[in-house]
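Here is a short tour of a protein chain, written for someone who likes to have the model open while reading. Please keep the viewer at hand and follow along.

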Amino acid sequence: MISDDDLYRLAIFLGSCAMMMIVLYHFLDVNASEEEPESAESASQSKTEGAVPAVSTDKLERKAIIANLMA
């Protein structure tokens, strides 16, 4: 049977692994490339030509918005 000490070490190990996975996921999500392939980009441009996007995905615009909120 598993002892209390073994169970404690297992819980600490699995919790640490879970936290590392969460940090890794967020790191990859923040640094993910948001570029579309050219064929999909040209298709989306023809469908939404003249349309204004509801949310900007430009990184510089996001940084400017965050800077304005922090000021």
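Accessible areas come from the Shrake-Rupley method with a 1.4 Å probe, and for residues only the protein chains shown count as cover.

Before going further, note that this is a predicted model, in which local features need pLDDT of at least 70, side-chain atom pairs count only at pLDDT 80 or more, and totals for chains, interfaces and linings use all residues. Residues are numbered from 1 along each chain as its sequence is written, and side-chain values use heavy atoms, leaving out hydrogens and water.

The protein chain has three helices and zero strands, in the order α-α-α along the sequence. Helices (H or I, at least four residues) and strands (E, at least two) are DSSP runs, numbered from the N terminus. The predictor's confidence in each residue, pLDDT, runs from 0 to 100; the chain averages 81, and 68% of the residues score at least 70. Helix H1 has the highest mean pLDDT among the elements (97), while H2 (residues 38-47) has the lowest (60). Where pLDDT is low, the predicted coordinates should not be read in detail.

The whole structure holds one salt bridge, in which the side chains of arginine 9 and aspartate 6 meet at 3.4 Å, N to O. The term means a side-chain nitrogen of Lys or Arg within 4 Å of a carboxyl oxygen of Asp or Glu. Both partners lie in helix H1 (residues 4-30), three residues apart, about one turn of the helix.

| Residue | Relative accessible area | Class |
|---|---|---|
| Serine 3 | 33% | partly exposed |
| Aspartate 6 | 34% | partly exposed |
| Arginine 9 | 53% | exposed |
| Leucine 14 | 48% | partly exposed |

Buried residues make up 0% of the 71 residues. The chain exposes about 6,900 Å², with carbon and sulfur atoms supplying 65% of it.

Finally, an unreviewed UniProt entry lists residues 7-28 as "transmembrane region". In the model that span is 100% helix and 0% strand, with its end C-alpha atoms 31 Å apart.

Conventions
Buried means under 20% relative accessible area, exposed over 50%, partly exposed in between (1.4 Å probe, protein chains only). UniProt positions are given in the numbering used here, feature names are shortened, and annotations may be inferred rather than shown by experiment.
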